[in-house]
Amino acid sequence: MAVPARTCGASRPGPARTALRWPDRGSRPGLSARRPAARPPRPLSLLLPPLLLLALLAAPGASAYSFPQQHTMQHWARRLEQEIDGVMRIFGGVQQLREIYKDNRNLFEVQENEPQKLVEKVAGDIESLLDRKVQALKRLADAAENFQKAHRWQDNIKEEDIVYYDAKADAELDDPESEDVERGSKASTLRLDFIEDSNFKNKVNYSYTAVQIPTDIYKGSTVILNELNWTEALENVFIENRRQDPTLLWQVFGSATGVTRYYPATPWRAPKKIDLYDVRRRPWYIQGASSPKDMVIIVDVSGSVSGLTLKLMKTSVCEMLDTLSDDDYVNVASFNEKAQPVSCFTHLVQANVRNKKVFKEAVQGMVAKGTTGYKAGFEYAFDQLQNSNITRANCNKMIMMFTDGGEDRVQDVFEKYNWPNRTVRVFTFSVGQHNYDVTPLQWMACTNKGYYFEIPSIGAIRINTQEYLDVLGRPMVLAGKEAKQVQWTNVYEDALGLGLVVTGTLPVFNLTQDGPGEKKNQLILGVMGIDVALNDIKRLTPNYTLGANGYVFAIDLNGYVLLHPNLKPQTTNFREPVTLDFLDAELEDENKEEIRRSMIDGNKGHKQIRTLVKSLDERYIDEVMRNYTWVPIRSTNYSLGLVLPPYSTFYLQANLSDQILQVKYFEFLLPSSFESEGHVFIAPREYCKELNASDNNTEFLKNFIELMEKVTPDSKQCNNFLLHNLILDTGITQQLVERVWRDQDLNTYSLLAVFAATDGGITRVFPNKAAEDWTETPEPFNASFYRRSLDNHGYVFKPPQQDARLRPLELENDTVGILVSTAVELSLGGRTLRPAVVGVKLDLEAWAEKFKVLASNRTHQDQPQKCGPNSHCEMDCEVNNEDLLCVLIDDGGFLVLSNQNHQWDQVGRFFSEVDANLMLALYNNSFYTRKESYDYQAACAPLPPGNLGAAPRGIFVPTIADFLNLAWWTSAAAWSLFQQLLYGLIYHSWFQADPAETEGNPEVRESSCVMKQTQYYFGSVNASYNAIIDCGNCSRLFHAQRLTNTNLLFVVAEKPLCSQCEAGRLLQKETHSDGPEQCELVQRPRYRRGPHICFDYNATEDTSDCGRGASFPPSLGVLVSLQLLLLLSLPPRPQPQVHAHPSRRL
């Protein structure tokens, strides 16, 4: 029984249509000439006299249309399937290509990828690479300790006594307001010549080292000059290391004083703003200088802490957080009479980038009120550290208290929680200018193995929030050789432009003694580091033998990836490590969680899993089979994994020993052959060392041909595997042209092109003119259609990609096409592999017309079916396109074809943007499933700059009465004002971005951010399905059915007439996000393990050096002159240049 055509309003008879001629690409008119009028011709019934019309409508034999029945639509679906299959059989050439491979069986061998052997070999190669760096590190660390031990301290050392290359000298000379230009540098700074070195991506000098000193450290201080003096001897060790291992990259010594000496010499990359680089805050230095930390920061927010002091505290906490790495755990709380966490975190959490961001934002909301209650603050902190029910570092434990001062020593709290073992160190920070007695703060630190610091002003924040690392390094130094273990870092961005690197670190200890029988020195001198570029590690991994969807990856103890094809940070900040978790690099599931845990535990393993993968263009989700194999990389904290699809177990290796055949096949790469054989794109791979790379494939092919005229495919400077496979695939795809494509008329079937792409790197597009509109990447392994075709059986449709924010497709040029591709599967001697993908490019307009015909009730190609009098007819997609919507949607939910002419320019868009109501119904009826994930490597425009605290405009401004009061001039207030003004000028960029720089600097314009991605893929429904979209007084019928052997969904629906049917729109595009709720994530932290060693205690540690206040007794005359000078010179002024300040406490 026919289903009524409408459930909201009467059904309308469809207009009779003139027969549509089959479109011919060579002679058909443009789109505008062929599109129907806005409304169809009025039916004949409207022209009849009213009485006759009433009689006809009342007659039982009047014609009527109804919604097509299910078996009718299934018939249309079969016709569509047959048409697609027929075209692909004729033009795709799958069977013919199989025969060609078999006919050329003597030209290649089938090799096997043995996962366990492969992954063990690569792990061994990486271990050998890193071991060479370890040996160099040990030589450097031993030499540094001996040089420093032999060095004689000089109290009267002068700047002119030291000769070195100052890496920042060139930038400072270009800056007329720099420190050295203003006061005249007395140091003998070398001027060097540099040569470009592609390994370093920089200009270098291999005869010297370079020195970088932080901006806020005075270069002429006695400590710095002595440091420069003894570290100069490292230069010869650096040079000798490079002689023994020419592959070494940056060799660096980071001193505990802040001096960085690195080799080879290269000018420092000075930023436009103030250079805040300090080696002691680099991830690799922090990791090498101390063991992991459990830290609780408590901040006094009593009423006495207000204004500038509170701002200093907020900034100090943020700077303290920056000294923590992913191996550390932290919580932050504020206290007055009571203590409470500043954020939603109720326990220690991992000090990763996202958690630290939550803390930093929460700290800005602290408000001063109430009275000081040290007891509440310390009890809260000790309770946090004693909580054993959570994941934590379980090594160094410490409490960092920021306050403006107080009288209570809370001895009873320490007796209860920390004495006599004193397993928790207490560090106290006196913040701001005040007249409180600091003795209680010093006592707290000294009796709990900690240290007391003073932060009177902005300039003291950075140095005093990082020097606690020296105290934590004491047990490590006292442990001696036991602590001399190389550690490898997370991935991070090299500050000198090398790109993504990992660094091997080794601590350097002070071996001096004050005299015979004196205690051993317990100071860490610094950290030695050697960089290894990720690209150098990647070169040790197989790439083209694993196929397009096989890959190698590696993770560390935190589960962060060291190697992974999805490790592609769009923007990097050298101050933060690149921390992409394995479960965020891939789509997370339970199987991958188990694999990740096993790898972190250092186990071997193998597992075949069914999992979801995201397409390269991030538009599609495929459910696939993958084989995971993993082993640990010995002597490191890394674990290596190999992922292989089942069809990549075997691969082809060309065996072109016949040089005549090599020449014959090579000739099909020449552009002169393209007109008859089709255009050839070659993958831009590193076939030979001397091959010049180019992003333009035509130019790259030219470079390749010119090189091949000089060398043979068997040359030692070339990758013979890549070259032979490329040339073999050139010949095989040419035979496909000869046997199939050349004698076929593409226009007959409305095809714009046919193509074949291979593992060997060939993409052949026929005819040659079609290459002008070919937009796919010439590297098949990086082409979404290629990788998806390998992972899916049948024919994969790929409509042109569109963005809803961009203008519709330009159809008038008749070049917009839809790719249809399928993998070629070979079975050779019981071994199955997929070495190629073939396909066609459909003419969008012509196939849209063909689609309407195939989904119609035509019985003859040239004549649409008419519904005669006295008959009851079903609507179809051709005659009734005013009432019936018929579409093909792919497995990602993107429109492929439509019977609505006005929707042709929307092909490639997510269907919810075309018909939100219908797409939502398909989703609700399980035709589609949604997958949401987060991209943690995205780049976004920065947020408008804000005032983060202690900017100059927030300082105390004296009144006229203050100026007239002599007592005020000699008070701490005047001295504080002087320091705040001075450091406010120097460090203005810490607290407020310069709008001009933000606008002009691309590094500032984009910053790392999180983007939420949503993809749709076919759900569980696989059969034909009828449903009603019910929305109040209006409803809508639709039918949906998967097309066999394709990634298409055929949908027939009534066109919407009622506005009540408007529903929520499904979103597919990326959206800016804060990521998953961090407060919830920390309740179920991912599995991780810390470093295997911990040095947090040594019975011989001397804790007598526990800090003392630093005071600068002001001179009245100096204060008055400086104060007046500053006040008079402030307005107006341009944005100040950055100057080094000599008052760093050393």
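User: What makes Arg930 count as buried, partly exposed or exposed?

Analyst: The model is a predicted one, in which local features need pLDDT of at least 70 and side-chain atom pairs count only at pLDDT 80 or more, while totals for chains, interfaces and linings use all residues. Residues are numbered from 1 along each chain as its sequence is written, and side-chain values use heavy atoms, with hydrogens and water left out. Buried means under 20% relative accessible area, exposed means over 50%, and partly exposed is what lies in between, with a 1.4 Å probe and protein chains only. Arg930 has a relative accessible area of 34%, so Arg930 is partly exposed. Glu932 stands at 41% and therefore counts as partly exposed as well.

User: How do you know that Arg930 and Glu932 meet in a salt bridge?

Analyst: The term asks for a side-chain nitrogen of Lys or Arg within 4 Å of a carboxyl oxygen of Asp or Glu. For the side chains of Arg930 and Glu932 the N to O distance is 4.0 Å, and the pair is listed as a salt bridge. Across the whole structure, a search finds 41 salt bridges.

User: Why is the contact of Asp584 with Arg1086 said to tie together parts of the chain?

Analyst: Their side chains form a salt bridge with an N to O distance of 2.9 Å. Asp584 belongs to helix H20 (residues 582-585) and Arg1086 to the loop between helix H35 (1078-1081) and helix H36 (1116-1129), so the pair joins parts that are 502 residues apart in sequence. Helices here are DSSP runs of H or I with at least four residues, strands are runs of E with at least two, and both are numbered from the N terminus. With a relative accessibility of 19%, Asp584 counts as buried, whereas Arg1086, with 32%, counts as partly exposed.

User: What makes Phe335 and Tyr374 an edge-to-face pair?

Analyst: Rings of Phe, Tyr and Trp (its six-membered ring) pair if their centres lie within 6.5 Å, and planes under 30 degrees apart count as stacked, over 60 as edge-to-face and the rest as tilted. By this rule the count comes to 45 aromatic pairs. The centres of Phe335 and Tyr374 are 6.1 Å apart, with 65° between the planes, and the pair is edge-to-face. Phe335 lies in strand E11 (residues 329-335) and Tyr374 in helix H13 (residues 374-386), so this pair ties together parts 39 residues apart in sequence. Phe335 is buried at a relative accessible area of 1%, and Tyr374 is buried at 2%.
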